[in-house]
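Here is a short briefing for a first look at this structure. Start with the model itself, then read on.

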Amino acid sequence: MPLLRFDLVEGRSEETLKKLLDSAHRAMVEAFQVPESDRYQIVHQHPPHELIIKDTGLGFERSKDLVIISIVSKKRTVKQKETLYSLLAQYLKSECGISPQDLMVSITENSDADWSFGLGEAQFLTGSL
């Protein structure tokens, strides 16, 4: 059920994008214990001048491989979030060659009433999910 939006510098191949999305989904399944079929991902690619992502004074060296993941999800524990951040950094490095310095993640929480998967219904509220 988490909805993931990926903002990237344009130019990645379809195969590279597939690896990135698969790796992120693997981390999500492990960290948030969502079902394997619970996959909602959107990729937005931008020219380099449209992404200005600094390091907040942490000394990170960002590159053209920058990945920003914005997640909308029901409430999760601090431990689940920390596990997700760690797994994302680990999997994106090992499976995609993306430096952990090029990963930024933001989570926005909402509630059951904030989701409709179709049919004009709030499936979490109706008991369908």
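Leu88 touches Ala24, Ala27, Ile69, Leu103 and Val105, leaving aside residues up to four places away in sequence; contact means heavy atoms within 4.5 Å. This is a predicted model, where local features need pLDDT of at least 70, side-chain atom pairs count only at pLDDT 80 or more, and totals for chains, interfaces and linings use all residues. Residues are numbered from 1 along each chain as its sequence is written, and side-chain values use heavy atoms, with hydrogens and water left out.

**Core**
- The largest nonpolar core has 25 residues. Such a core is a set of buried Ala, Val, Leu, Ile, Met, Phe, Trp, Tyr and Cys residues joined through side-chain atoms within 4.5 Å.
- Phe6, Val67, Ile69, Leu84 and Leu88 have the most contacts inside this core.
- β1, α1, β3, α2 and β4 each give two or more residues to this core.
- α1 gives the most, with nine residues.

**Helix α1**
- α1 covers residues 14–32 and has 19 residues. Helices (H or I, at least four residues) and strands (E, at least two) are DSSP runs, numbered from the N terminus.
- Its buried residues include Leu17, Leu20 and Phe32. Buried means under 20% relative accessible area, exposed over 50%, partly exposed in between (1.4 Å probe, protein chains only).
- Their cover includes β1 (3–9), β2 (40–46), β3 (67–74), α2 (78–96) and β4.
- Gln33 follows α1, with a positive phi near 50°.

**Phe117**
- Phe117 lies in the loop between β4 (103–110) and α3 (123–126).
- Phe117 is partly exposed, at 31% relative accessible area.

Definitions and conventions: Expected span 1.5 Å × (residues − 1).
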